[in-house]
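Here is a short tour of a structure, written for someone who likes to follow along residue by residue. Please keep the sequence and the model open as you read.

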Amino acid sequence: MKVGLEVHQQLLTGKLFCRCPAELSDETGGSFVRRLRPSSGEDRRVDAAAAFEASRGYSFRYETGPVDCLVEMDEEPPRPLSEEALDVALTLALLLDARPVDEVEVMRKIVVDGSNTSGFQRTALVAVDGAIEVRGKRHEILSICLEEDAARKVREGRDEVVYRLDRLGIPLVEIATGPDIQSGPEAREVAEEIGALVRATGRARRGIGATREDLNVSIEGGHRIEIKGVQELRKISEYVEGEGGRQRALLAVRDELRGRGAAVPPGAPTDVAALFGSISSGPLSAAARHGGPVLALPLPGFAGLLGPRPGTEERLGRELAEQARAVGLRGLVHSDELPGYGVTSELLARVRSELGLADRDGFVLIADASPERARTAIRRVAERAGAAVEGIPGETRDPLPDGRTRYSRPLPGRHRMYPETDIPPIPIPDARLRRLRSGLPERPAARLARLESQHGLSRDLVRQLVYGGVADSFETLTARGHAAAMVARLLVQDVPAVPARSDGTAFEPSLEQLGQILSAASRGRIGKEGIPSVLRALASGSPDVDSAIATTGLEGLSPDGLASLVDRIVRNQASMVRARGGEAFSPLMGDVMKEVRGRRDGREVADELRKAIARVLGETSSAPPGAGT
Amino acid sequence: MARTESGASSDPLTVLRGLPSGQRVEIRDASGHAWNGAIVPSHELSGSRIVSLKLESGYNVGVAIDASTAVRVVGAPPSARSEPVPAGRASVEGDPGGWITLLTTGGTIASRVDYETGGVRPVSDERDILAFYPELEGSGAVRVIPVFDRLSEDIGPADWLVLAQRVVDAFRAGARGVVIAHGTDTLGFTAAGLSFLLTDLPGPVVLVGAQRSPDRPSSDGPSNIEAAAAVARDRRLGEVVVVMHAGLSDDRFAVHRGTWVRKMHSSRRDAFESRNGPPLGSVHGGTVHLLPLVRPPSAGPPRVDGPIDENAGLLWFYPGLTVARARAFAAGVRGVVVAGTGLGHVRSELIDWVRSVTAEGVVVAMTTQCLEGGADPYVYATGRELLRAGALYLDDLLPETAYAKLVWALGHADDPGRIKALLTQDRAGEFLRRHRAEGEA
């Protein structure tokens, strides 16, 4: 298996080609509607992916808000490329031992799915030929690009797709590796290493969708498939392995098809709507009722190869259905799932006889109220079925939450790029590289080793700090005098455990807030056990740490108050204490903690409890209680 | 020194510059790094020793060439580009719906990116136009006639006459309407000029442009030209209009009278606005809506009402404008439109200048440089003195419309009194004289 990655990371620098802030906003004012059509580049050829998107005939609505301007609306020429973002990309080039270009030339990459108001994404190659080492293996870095992020899709209707402009133009660095990764887990590790490197610049944006990976996967005899826009790092492995499985299953189907001499016959599909006039249920009946065609595509030699195959969930039928869905149909019905869908055995027999099919032959049925759409769909299905005899067609696929992927569009080629003439080329003089080289950030591996020795924390914990992107916060807070272990636990455990907000955005407390919480805990104002509650209170709207502590009622138990609370509980159980001695500690600790409710630190409570038990026992004996617990 | 395949030594930059665009090369720098790609034209603002390569990935990069660069030519010279064959045109003969004529003059609407210079370059090839705009023929036949091949800043009054003659020719040949694709920078001037030069129009003359070049997927050209074609087929209209986006969306277009319209924004799609009054109509969902105040078609025959005289000027008053500079500007002209401040004012020392040039027979016509409203001499003393000094007040004419009218009027009379009479007379519905608060007619 060969896997290559494209890691995309949003930068915290303001937008790439205008001076809007790089922020998302749900505040919207007006909207406008546009149509896009593919255009040709320097060589006057239209890209296949662009032509495909245009063939869908969508119009696009764009919602505008406070963080966009006429540049994002494609109503004004772009401003010069953000020098700050270019510095970040060049810094990464240096960190990756890559060769920066001598002059950056901004390109237009044609994208007519509406995600860019202009119909193209501005992108520039900044450096090539780098390398990164992960677990002792050297991985090639093919390219480091700087590009603008696309508009955010809000919803999709049958004829209109709605986007919001806030995300459009946020700078992305795109780091592409060579196809030298061999497994899903390895892909994830390389992605993590690159992610940590970008975060080391201190200019990586955080939050949902700030990091997105494209996975290029192929297996021996298969074809490069691009899985686009994976947002969850931990799912990379699953997608990669899943794609390998899909290609293996489809190759097995291909071998079987070839053995049978299967082929998709040329020629028009047969309209069998007349046969379906009588059926009253299922997806085919509705179209037939609306007077649309029911198109049948014979697939000689395909019988039994369209449905599920032993040992895999992948099936050719699903691949064919994805083609129908890509042009707006809800799906199709194939012969391996019949009888069913309202098609009786008798009707099935009539269809087969109408099409003149033998036992080994399969077929596909497509119905739609629009004859044109049905014909477009069946043409695509026929192409896809034909490709199944050849092997795996190259595709771009969308990742789905369940770990599977879905056909999205053909793979784009080089015909989609032409120069962005509104931006003059940007020379990269040696002086600029010298300046950046003199201020390179520490590489993740070096930082890991340093933090480990400096703070005496476990390697695993330090790894979570560095690769989780919170090492900067860790160093700032420990430099302010907070205990390293407590800071680390707060950053890698307590903060990430706070549930995301209802709008899906992650809770990100400020360093000041974290410092105040740590101070409250170290001064004994709240117990360490109370920290998660304070964080949750902050996340759900408390304006500051003081009010969060007040909301949770964690405050107000003084050391004296704790002593008397513990004393009361122990004395209430005095007979049990006398009977069990030091063994009484554990059950009593539970009772005490219930009443303390995180208002004091656990260790302090334990000390107080030991003292109280000792006092009771001291009235009869002098043995130290609870030792070792 | 570069080592070429022939073994000859020369400056590697000279070697590379001598290769055809599209030639694949390997360029190896002193550090040993090799760039592999095809030579593409460099941006005109590229560094002097930069060669642009298109890499296999599709990206262009600039590679610095110095004496130590090694160049290796890879593979055969590129073969000639194959041009796509545009769709064939429908026959205009015998079309029962009537055909329209498209006159092209260049401009963004008929431009494509010039990868050599980095700018947009006009195209005049009829096949290119129809390949760009297949929607033109969606609602009927179109005859395409290239007239100029220029950006609009290079189109002037003499060209208005040429265009006017082509419009008349098109109507005489049987066109139902005429669309003129024109650059947007001076589109308002040309629209005004044609409004005065064309009389007895039997159908619409529609100027249209684009604010985004047609090589961009988001170009407004296709939808603008489709809307312009719909207006050109409308049988209720017999005047010169401009059709462009009415807002930011690609689904609504405004029909502006040629003498009321001005480019109000340097880049927005909806840059064109009717000043002082509403647009004459709109196009939405393929349907043309027109207000009752449109000028109906004439029984004809259409005619070019020339000649013109270009000895005219348009002077934008500013507070530091001295008599000497104004005098230098007016040297040799027969008429000057002054875009004055407010209701049509200039500093008091210029009043004497007005008095002296009008005494020499030069027509001085006052307009306002305000973006809305008209000129009026009676409200302030300056206006009254300018009037007494011989200035002519042109009410609510836009300065550029006044200039176009002056060019036309100078061609029609020698006597300043006669010229002033022509200027104040309504010829093309150019005077609005009624300004509603909400832009209603």
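## A helix pair in chain A

Helix 16 of chain A and helix 17 of chain A cross in a right-handed way; a crossing is right-handed if the near helix is turned clockwise from the far one by less than a right angle, and left-handed if anticlockwise. Helices here are DSSP runs of H or I with at least four residues, strands are runs of E with at least two, and both are numbered from the N terminus. Helix 16 (residues 531–539) and helix 17 (residues 545–552) of chain A pack at an angle of about 115 degrees, their axes 8 Å apart. That makes helix 16 of chain A roughly perpendicular to helix 17 of chain A, a label that covers 65 to 115 degrees. The axes are lines fitted to C-alpha atoms over the stretch in contact, with angles from 0 to 180 degrees between N-to-C directions.

From helix 16 of chain A, S533(A), V534(A), A537(A) and L538(A) meet V545(A), A548(A), I549(A), T551(A) and T552(A) of helix 17. Contact means C-beta atoms, placed from the backbone, within 7 Å.

This is a predicted model: local features need pLDDT of at least 70 and side-chain atom pairs count only at pLDDT 80 or more, while totals for chains, interfaces and linings use all residues. Residues are numbered from 1 along each chain as its sequence is written, and chains are lettered from A and ligands numbered from 1 in the order in which they are written.

## A covered helix

In chain A, 47% of the 629 residues count as buried, that is, with 20 or more other C-beta atoms within 10 Å of their own. Helix 7 (residues 316–326) of chain A is mostly covered, with nine of its 11 residues buried. Those buried residues pack against several elements of chain A, including helix 4 (236–260) and helix 9 (371–390). Just after helix 7 of chain A, G328(A) has a positive phi of about 100 degrees.

## A strand in chain B

| Partner of strand 19 of chain B | Bridges | Direction |
|---|---|---|
| Strand 16 (residues 252–257) of chain B | four bridges | antiparallel |
| Strand 20 (residues 287–290) of chain B | four bridges | antiparallel |

V283(B) is the bridge partner of F253(B), and S282(B) stands opposite H289(B) in strand 20 of chain B.

Methods: Buried ≥ 20, exposed ≤ 12 C-beta atoms within 10 Å, placed from the backbone. Contact = placed C-beta atoms within 7 Å. Parallel < 35°, antiparallel > 145°, perpendicular 65-115°, else oblique. Pairing = 2+ DSSP bridges.
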